[in-house]
There are 4 protein chains.
Amino acid sequence: MTSTRQFLSDNAAAVHPKVWEAMRAVDEADAPYDGDRASAALDERFADLFGRDCTALWVATGTAANCLALGTMVQPHGGVACHREAHIEMDEGGAPGFYLHGAKLLLCGGEHAKVTPHTLAATLDPIRDDVHQVQPHALSITQASEYGCIYSGEELAALKGECDARGLGFHMDGARFANAVAFADAPASAVAGPVDALSFGFVKNGGMGAEAIVFFDTDLADVARYRRKRAGHLQSKGRYLAAQILAMLDGDLWLENARAANAAAAEIARGAGARLLHPVQANEVFLQCDAAERAGLRGQGFGFYDWGEGAARFVAGWDAREEEAQALGKAIAAL
Amino acid sequence: MTSTRQFLSDNAAAVHPKVWEAMRAVDEADAPYDGDRASAALDERFADLFGRDCTALWVATGTAANCLALGTMVQPHGGVACHREAHIEMDEGGAPGFYLHGAKLLLCGGEHAKVTPHTLAATLDPIRDDVHQVQPHALSITQASEYGCIYSGEELAALKGECDARGLGFHMDGARFANAVAFADAPASAVAGPVDALSFGFVKNGGMGAEAIVFFDTDLADVARYRRKRAGHLQSKGRYLAAQILAMLDGDLWLENARAANAAAAEIARGAGARLLHPVQANEVFLQCDAAERAGLRGQGFGFYDWGEGAARFVAGWDAREEEAQALGKAIAAL
Amino acid sequence: MTSTRQFLSDNAAAVHPKVWEAMRAVDEADAPYDGDRASAALDERFADLFGRDCTALWVATGTAANCLALGTMVQPHGGVACHREAHIEMDEGGAPGFYLHGAKLLLCGGEHAKVTPHTLAATLDPIRDDVHQVQPHALSITQASEYGCIYSGEELAALKGECDARGLGFHMDGARFANAVAFADAPASAVAGPVDALSFGFVKNGGMGAEAIVFFDTDLADVARYRRKRAGHLQSKGRYLAAQILAMLDGDLWLENARAANAAAAEIARGAGARLLHPVQANEVFLQCDAAERAGLRGQGFGFYDWGEGAARFVAGWDAREEEAQALGKAIAAL
Amino acid sequence: MTSTRQFLSDNAAAVHPKVWEAMRAVDEADAPYDGDRASAALDERFADLFGRDCTALWVATGTAANCLALGTMVQPHGGVACHREAHIEMDEGGAPGFYLHGAKLLLCGGEHAKVTPHTLAATLDPIRDDVHQVQPHALSITQASEYGCIYSGEELAALKGECDARGLGFHMDGARFANAVAFADAPASAVAGPVDALSFGFVKNGGMGAEAIVFFDTDLADVARYRRKRAGHLQSKGRYLAAQILAMLDGDLWLENARAANAAAAEIARGAGARLLHPVQANEVFLQCDAAERAGLRGQGFGFYDWGEGAARFVAGWDAREEEAQALGKAIAAL
């Protein structure tokens with residue numbers, strides 16, 4: 001696993017040196033749980049970033065962030081509309097069922113793993129408004145999407161219109177929110193749009209084990225605070241999580257890291273042409289390529305996941321080495 | 001919160017330097033989740049320590065450890081016998097209700113927060129064996145107890161007898177298991193006794209955010225593995241948690257730290273005499289003292305929690321300074 | 001079980017002839033679930049009875065009624081204050097844990113199984129207002145209580161004051177509400193007092209399998225409607241349940257039956273004197289009597305339950321025969 | 001709703017006179033819950049019918065029956081494979097999420113709403129055997145299917161093979177099991193095949209509010225018994241439910257009623273020809289017909305549900321009048 005040619009997952013990357021530094025800097029006794037100074041600083045730091053009031057809670061994982069956020073919007077008898085390839089549906093081991101006490105995911109289609117007003121309506125409109133069918137309580141989207149694609153401000157506004165019309169809470173899974181902002185070259189607030197809560201990921205982007213749930217509706221945070229403890233996610237030495245997040249926000253390290261990852265992905269995709277299954281708008285490249293081609297790339301030392309039968313997924317971490325990304329890009333172009 | 005005279009909580013202590021080192025040592029890309037080499041080493045290390053086969057899973061918090069362990073033993077319609085002052089009853093924000101899907105805690109009495117066969121029977125015997133009452137599925141005890149007291153080998157064996165007779169799983173909350181072993185001066189296996197699963201705490205004892213659930217019944221671990229992910233506790237960079245635990249096990253650092261904490265508690269208690277509410281067998285001291293006395297101690301710079309109306313709790317961390325503990329001990333003796 | 005001297009349980013009684021008639025009267029095709037005319041008539045009928053707007057849902061059992069009602073007031077991370085001998089704590093097989101998704105019962109003391117502002121405070125005041133402890137969301141009381149005792153209007157108002165001060169929903173388990181009204185000789189509205197939802201029992205009082213959840217806060221009913229279906233309690237031929245309830249309300253049959261049962265209990269208790277463990281205010285008599293005395297009564301053909309070591313419980317159904325109650329009363333007086 | 005030309009739902013039908021009689025016959029005091037003689041007789045009666053040991057529990061609704069049965073086979077972190085148009089997925093208001101504590105339905109395709117080994121594999125094979133994805137624990141099929149179609153003995157055996165190979169429990173939703181047996185003209189045991197538990201429906205077939213969960217694996221029944229109480233489905237006057245079921249079994253009334261319903265459906269479908277969307281193998285007819293045609297039928301007094309845009313569903317109850325079914329059949333033939 002020590003290959004320098006590793007494009008398996010941004011989850012595997014190292015921790016950024018500045019994150020280490022910040023963690024060391026809080027390594028003296030402070031109040032436990034979230035009573036420490038670092039934790040106390042989070043709300044204001046995110047409010048600065050987003051230009052509006054918010055409450056931010058740290059948790060160790062994106063799964064916990066997503067599910068705790070949704071738990072504030074969805075009653076146990078309700079449902080969450082999401083893309084059928086969303087992480088909460090595909091890869092969280094049933095965590096939404098657990099955290100939402102049996103609420104149901106209502107699956108929507110959409111190209112590039114993006115929900116649209118049209119695909120949302122196609123899923124929700126047939127639901128009869130009676131007690132025999134699970135009614136939607138929230139919409140959850142992923143920014144950047146599971147296929148590394150970005151919702152524009154217009155798209156977000158349109159979805160918000162649907163949420164309002166249907167009485168839904170609006171959640172954004174931002175495991176790669178930084179990559180989305182880096183791509184959009186717009187303020188974080190524009191890329192988050194009008195959501196009620198954002199799971200803001202740092203682990204894939206240079207952190208160790210800290211994500212933020214940013215609640216723009218602070219009443220929701222008051223519920224989530226209890227639920228976080230109840231889920232065993234209120235770490236007693238929470239200052240080490242807060243420190244990671246603050247370090248990432250300092251000097252926009254989060255953005256710098258995401259830009260590096262996105263740039264590496266762009267290098268990988270540079271010569272891929274028609275092989276690209278999705279536009280490359282973040283740090284992931286999905287490529288049509290057959291088994292022989294994949295074997296060839298692996299023979300050159302590149303690590304990546306198969307994506308079904310005829311495709312491969314390459315993910316660039318914040319610490320991807322430029323020359324390796326270029327080498328991979330050339331190898332792909334040469335297929 | 002920077003007082004060197006801090007005896008509020010072992011939760012507030014710093015991270016041990018060797019733990020930092022070990023975390024840095026895994027700071028290169030490795031497989032995500034628990035596919036890394038450090039995580040893979042845990043089973044064997046704990047098997048060595050306990051002298052029998054076991055499976056160990058890391059999680060970030062003791063609450064998660066306790067509840068994931070119990071979730072493998074207790075069906076949603078069952079109950080968990082525990083002391084009425086147990087952490088799972090008093091301080092986990094209802095986490096057992098969440099993780100056990102509504103199972104019930106069946107509260108037992110017992111001096112020094114220790115369950116006995118007698119107090120267990122007093123709670124369980126009146127439960128009619130019919131569907132109208134919640135039937136017990138497991139017993140959970142705390143070693144060292146909430147009042148810093150230790151179950152002897154004989155006591156554990158007697159409780160195991162009850163568990164067998166009643167068909168109960170047996171869980172040990174070992175948030176301060178290290179302190180119990182340090183006090184008992186016996187092998188870890190004797191202090192864990194015949195339990196099916198142990199929540200082995202490291203965070204209070206020099207770790208940052210890693211506890212181990214040690215399953216001596218490895219079938220239970222197979223369930224817990226799925227539940228850990230489902231609870232959002234499978235961190236993607238799990239190697240940093242595994243590294244903490246391995247560092248604590250290396251050269252018996254866990255025992256060394258616990259001995260230091262216990263020694264400090266003994267210093268604090270040295271002159272307390274009849275004021276002691278419970279024998280001091282770990283790193284906690286519970287002291288009868290009135291408001292004026294508490295104010296006096298605080299006036300001398302000592303930090304601690306009130307414990308109800310007429311008492312105080314002092315907890316020594318692994319990094320308690322000997323001279324401070326002695327100073328506190330003298331101040332108490334002088335009350 | 002065909003003894004005419006049966007005082008085991010009002011659950012065992014027959015169905016009242018007028019209830020049978022009403023069920024037969026709806027035995028033609030009508031809309032399924034609660035779309036039928038009988039179900040549609042419930043809200044108005046209960047509004048007439050209580051003199052204020054309400055929404056009433058039928059369910060088959062008191063357990064379902066209690067738990068569905070509480071589910072509208074209590075979030076999964078919250079708690080329900082109730083008496084430690086309440087039916088929801090003692091006899092519902094953990095149903096509150098299931099229906100409330102792991103919420104916790106917070107147990108209060110109180111003579112005659114009645115919660116008072118004082119016993120409520122004794123349980124709730126020590127709960128720290130932080131995320132480590134389960135916070136109360138509702139209070140549930142039983143009218144008549146588990147020991148057949150009645151809350152007065154003043155007592156209800158005082159508890160409502162506590163609920164308001166603490167932000168709690170207020171629920172009444174009225175499995176024997178009819179007996180309470182019959183005893184109080186007051187309007188139903190006074191005996192329900194200012195609760196938000198009432199489980200109004202009919203099964204023990206001449207019905208077959210239909211209770212009503214009466215929501216005085218109709219928003220709560222909108223949640224309960226979904227939860228009822230989700231719990232499998234929306235029967236497809238709901239008209240037979242609605243018909244039972246309407247029959248009981250017609251001409252105050254519910255009150256007539258309850259008066260008969262109360263009168264029988266009064267006969268039983270007439271000569272009991274100091275043996276009475278609780279005042280007899282409904283249809284239950286709790287009597288101090290030793291094993292030999294109980295054997296003696298059983299030898300005379302009387303059926304009843306032991307109540308712990310030295311006591312017995314006698315319950316009079318709506319169809320208790322006056323002469324049998326008198327005979328039992330004399331037998332008790334003669335002990 | 002008093003139309004004699006009603007083909008909306010078999011849920012709306014009246015209660016069979018023999019069922020009424022049997023209910024009246026138990027209208028004397030007997031032991032509450034399921035301690036009465038009628039409830040005690042169920043196991044043997046179903047064992048006779050199926051020719052093998054079984055344990056049968058009554059509940060009021062099919063939703064409760066299905067979910068209580070599945071709850072014995074599926075852990076909260078697991079999943080249930082079922083057809084994407086199964087009642088548990090479409091029409092039970094999220095009850096499986098509630099009863100299974102957040103377990104997930106894993107949706108399969110298949111013509112006529114029937115799961116096949118092939119469609120099962122298409123859903124289950126792509127599930128990676130790791131903790132990130134919900135693993136299947138059971139298969140649930142519907143006999144007759146949601147489109148009124150029957151699984152043959154061979155089809156059931158093939159599915160059982162899949163269950164065994166994959167380690168799945170096997171459940172059958174038999175809301176219209178009687179209609180399936182009537183069509184198959186085979187023993188009940190052959191139509192149930194090798195399932196572990198069967199929800200045997202009576203409400204649509206002449207009962208009032210009683211279904212049976214028949215467990216062929218009696219260990220599962222021991223769990224279900226607790227869960228039934230916990231779900232508020234253990235009615236205190238259970239003898240009235242048991243009596244309904246016994247009445248239906250007596251003299252094969254269940255089969256007689258189902259034959260009548262099936263015959264009516266056959267009449268309806270007689271001249272439908274190519275309009276039939278599914279073979280008519282039970283008591284349901286799904287017909288292609290446009291809005292004008294539907295309006296025409298309704299103009300003749302026939303009641304039925306639209307089935308999406310261009311179709312209609314007709315269901316014949318046990319009490320469908322032959323002449324009405326014939327009239328409808330002719331009206332359809334004349335379209």
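**Reading symmetry and an interface**

Tutor: Welcome! In this predicted model, chain B is superposed on chain A by a rotation of 180 degrees with 0.0 Å of shift along the axis, and the RMSD is 0.0 Å.

Student: What is the relation between the two copies called?

Tutor: That is the relation of a two-fold axis. To place the axis, look at Ala231(B): in chain B, its C-alpha is the nearest to the axis, 3.6 Å away.

Student: How much of the contact surface of chain B recurs in chain A?

Tutor: The same surface serves both copies, as 100% of the contact residues of chain B recur in chain A.

Student: Let's turn to chain A and chain C. How many residues does each chain bring to the contact?

Tutor: A contact counts heavy atoms within 4.5 Å. Here chain A gives 19 residues and chain C gives 19 residues.

Student: How much area do chain A and chain C bury between them?

Tutor: About 1,700 Å², with 64% of it on carbon and sulfur atoms. On the side of chain A, the residues losing the most area to chain C are His77(A), Val131(A) and Tyr226(A), together 38% of what that side buries.

Student: Which element of chain A gives the largest share of the side that touches chain C?

Tutor: Helix H11 of chain A, residues 218–230, with six residues. By class, this side of chain A has seven nonpolar, six polar and six charged residues.

Student: How many salt bridges cross the interface of chain A and chain C?

Tutor: The rule finds zero there. Polar contacts are a separate count: ten residue pairs between chain A and chain C, both residues at pLDDT 80 or more.

Methods. Residues are numbered from 1 along each chain as its sequence is written. Chains are lettered from A and ligands numbered from 1 in the order in which they are written. This is a predicted model: local features need pLDDT of at least 70, side-chain atom pairs count only at pLDDT 80 or more; totals for chains, interfaces and linings use all residues. Side-chain values use heavy atoms; hydrogens and water are left out. Buried area is the accessible area (1.4 Å probe) that two parts lose on being put together, summed over both. A salt bridge is a side-chain nitrogen of Lys or Arg within 4 Å of a carboxyl oxygen of Asp or Glu. A polar contact is a pair of N or O atoms within 3.5 Å; within protein, one must be able to donate a hydrogen and the other to accept it, and residues adjacent in sequence count only if both atoms are side-chain atoms. Helices (H or I, at least four residues) and strands (E, at least two) are DSSP runs, numbered from the N terminus. Ala, Val, Leu, Ile, Met, Phe, Trp, Tyr, Cys and Pro count as nonpolar, Asp, Glu, Lys and Arg as charged, and the others, Gly among them, as polar. Copies are superposed by least squares on the C-alpha atoms of residues with pLDDT of at least 70 in both.
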